[in-house]
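Me: I've just opened this one and I'm new to it. Could you walk me through how to read it?

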Amino acid sequence: SSSLMSLYLESFRKLLSPIISQIMAIRFHFLDRIPEEETEINYLTEHELGLIINNECPIPVLRKAIIFACITGFRRSDILALKWEDIKELPKGGWCVFKRMQKTKNMANVPIGDDLMEVIGPRGEGLVFNGLTTYMLTYPMKRWFNSIGIKKDLHFHCTRHTYATLSLALGTDIITIKNVLGHKQESTTMRYTKVVNPLKEQAAKRLSINTISQNTEQYEKGNF
């Protein structure tokens with residue numbers, strides 16, 4: 001009968017359950033012992049970031065989000081959830097983002113300059129990047145990059161790599177970058193040092209939108 005069959009199946013599940021648990025435990029233990037394969041770090045160069053800063057985008061909020069992410073190192077989830085109330089004006093001038101990160105649940109406090117506030121402004125209420133969708137950060141972003149001369153096959157996560165590599169090249173210490181990115185292990189941040197050495201020769205000033213914008217204008221005029 002069906003009731004008898006259900007009883008057999010339930011007994012079989014109970015018998016099999018601890019065996020499956022042991023198999024899964026062995027599997028995860030084995031996977032933990034396999035060293036992670038290093039993936040290629042794709043990032044925007046200072047010149048490419050300058051192209052983004054200096055060119056208009058068919059989707060203005062997309063350009064704002066990309067620039068903000070490159071300067072702050074914020075993840076996509078935190079960019080999408082960022083509210084104006086998370087950005088506080090400091091008593092001695094300047095601004096700082098105070099936000100609990102979606103992935104790590106840690107509190108982030110990241111200072112930002114007036115030039116970045118000008119890019120993402122004017123200040124309002126609700127979401128900072130109101131109207132921004134996950135889809136905009138895929139094909140529309142790639143199409144815009146291609147139209148302004150950035151031919152790399154990049155994903156939005158490259159903005160975090162951009163923050164890390166350019167900040168390291170400009171002299172920011174590894175611990176500060178680790179804290180801003182919210183990495184638990186210093187070794188995770190250290191991987192960026194492998195791509196930084198060639199960039200150090202190009203870096204003379206701190207990471208700022210105005211500096212990058214001016215350098216790109218000079219480049220386009222052929223003064224470099």
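**Starting from one residue**

Reply: Let's start with I120: setting aside its neighbours within four places in sequence, it is in contact with K64, F68, W84, I87, V128 and F129. Contact here means heavy atoms within 4.5 Å. This is a predicted model, in which local features need pLDDT of at least 70 and side-chain atom pairs count only at pLDDT 80 or more, while totals for chains, interfaces and linings use all residues. Residues are numbered from 1 along each chain as its sequence is written, and side-chain values use heavy atoms, with hydrogens and water left out.

Me: What is the mean pLDDT of the protein chain?

Reply: pLDDT is the predictor's confidence in each residue, from 0 to 100. The mean for the protein chain is 76, and 64% of its residues reach 70 or more.

Me: Where is confidence lowest, and where is it highest?

Reply: Helix α1 (residues 2–33) has the lowest, at a mean of 52, and α6 has the highest, at 96. Over residues 23–38, pLDDT stays under 50, and the model has one contact beyond four places in sequence for that stretch. Where pLDDT is low, the predicted coordinates should not be read in detail.

Me: How many helices and strands does the protein chain have?

Reply: Helices (H or I, at least four residues) and strands (E, at least two) are DSSP runs, numbered from the N terminus. The protein chain has 11 helices and three strands. Along the sequence, the pattern reads α-α-α-α-β-β-β-α-α-α-α-α-α-α.

Me: Back to I120. Which residues have the most contacts inside the largest nonpolar core?

Reply: In soluble globular proteins, nonpolar side chains tend to be buried together. A nonpolar core is a set of buried Ala, Val, Leu, Ile, Met, Phe, Trp, Tyr and Cys residues joined through side-chain atoms within 4.5 Å. Buried means under 20% relative accessible area, exposed over 50%, and partly exposed in between (1.4 Å probe, protein chains only). The largest core here has 46 residues, and F68, I87, I120 and F129 have the most contacts inside it. Elements that each supply at least two of its residues include α2 (46–54), β2 (95–100), β3 (107–112) and α5 (114–120). Helix α3 gives the most, with nine residues.

Me: K64 was on the contact list of I120 too. Is K64 buried, partly exposed or exposed?

Reply: K64 has 23% relative accessibility, so it counts as partly exposed. This residue sits in helix α3. Apart from neighbours within four places in sequence, K64 is in contact with V119, I120, G121 and F129.

Me: At what angle do α3 and α6 pack?

Reply: Axes are lines fitted to C-alpha atoms, for helices over the stretch in contact, and angles run from 0 to 180 degrees between N-to-C directions. Angles under 35 degrees count as roughly parallel, over 145 as roughly antiparallel, 65 to 115 as roughly perpendicular and the rest as oblique. Helices α3 (residues 60–72) and α6 (residues 139–147) pack at about 85°, with their axes 11 Å apart, so they are roughly perpendicular to each other. L62, R63 and I66 of α3 meet P140, M141, W144 and F145 of α6.

Me: And how do α2 and α11 cross?

Reply: Their axes come within 8 Å and cross at roughly 95°, so α2 and α11 are also roughly perpendicular to each other. Among the residues that meet there are L49, G50 and I53 in α2, and I212, S213 and T216 in α11.

Me: Why is α2 described as largely enclosed?

Reply: Seven of its nine residues are buried, so the rest of the structure largely encloses α2. One of the buried residues is G50, whose relative accessible area is 0%. G50 touches I212 and T216, not counting residues up to four places away in sequence. The C-alpha atoms of G50 and I212 are separated by 5.3 Å, although the two are 162 residues apart along the chain.
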